[in-house]
Amino acid sequence: MAKITFITSDHQTIELEGDSGSVMELAVEHNVNGIDGDCGGVCSCATCHVHVRPEDMEKTGAASEIETDMLELDDNADAYSRLSCQIVISDAIDGVILTVAK
């Protein structure tokens with residue numbers, strides 16, 4: 001079971017727990033504001049864009065090339081950007097804090 005904390009653009013902190021699927025699926029299931037997942041998790045939109053704390057990047061890993069290409073289309077992307085549909089829930093990401101992109 002992994003605990004994941006979301007910080008929304010309106011500064012709401014939401015702590016969720018999951019044991020399978022993607023971070024985007026967990027966020028959509030719990031109506032996290034700003035995580036829409038319009039493409040259903042196939043990495044073809046950026047409606048699940050999050051910023052990973054620098055100290056948590058090792059937990060989530062780097063974005064894939066396809067993910068990076070999609071993020072380049074988002075003006076708010078930076079070196080700590082990830083698409084939450086591409087972050088798999090596992091014990092390895094336990095404690096991660098994600099800021100939902102605007």
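**Reading the fold, the core and the cysteines**

Guide: Note that this is a predicted model. Start with the order of elements: the protein chain has 3 helices and 5 strands, and along the sequence they run β-β-α-β-α-α-β-β.

Visitor: How compact is the protein chain for 102 residues?

Guide: Its radius of gyration is 12 Å, close to the 13 Å given by the globule rule, so the protein chain is as compact as a globular protein of that length. Of its residues, 42% count as buried. Among contacts with a separation of 6 or more, 63% join residues 24 or more positions apart.

Visitor: Which residues touch the most other members of the largest nonpolar core?

Guide: That core has 26 residues, and those touching the most other members are Ile-4, Phe-6, Val-23, Val-32, Ile-35, Ile-93 and Leu-98. Elements giving two or more residues to this core include strand E1 (2-7), helix H1 (23-29) and strand E5 (96-100). H1 supplies the largest share, 4 residues.

Visitor: What is Ile-35 in contact with, leaving aside neighbours within four places in sequence?

Guide: Its partners include Met-24, Ala-27 and Val-28, as well as Cys-48, Val-50 and Val-100.

Visitor: How many disulfides does a search of the whole structure find?

Guide: The search finds 0. A disulfide needs two cysteine sulfur atoms within 2.5 Å. The sulfur of Cys-43 has its closest cysteine sulfur in Cys-85, at 5.1 Å, which is too far for a bond. For Cys-85 the closest is in Cys-48, at 3.8 Å, also too far.

Visitor: Is Cys-43 buried or exposed?

Guide: Cys-43 is buried, at 9% relative accessible area. Cys-85 also counts as buried, at 9% relative accessibility.

Technical notes: Residues are numbered from 1 along each chain as its sequence is written. This is a predicted model: local features need pLDDT of at least 70, side-chain atom pairs count only at pLDDT 80 or more; totals for chains, interfaces and linings use all residues. Side-chain values use heavy atoms; hydrogens and water are left out. Buried means under 20% relative accessible area, exposed over 50%, partly exposed in between (1.4 Å probe, protein chains only). A nonpolar core is a set of buried Ala, Val, Leu, Ile, Met, Phe, Trp, Tyr and Cys residues joined through side-chain atoms within 4.5 Å. Contact means heavy atoms within 4.5 Å. The radius of gyration is taken over C-alpha atoms; the globule rule is 2.2 Å times the number of residues to the power 0.38.
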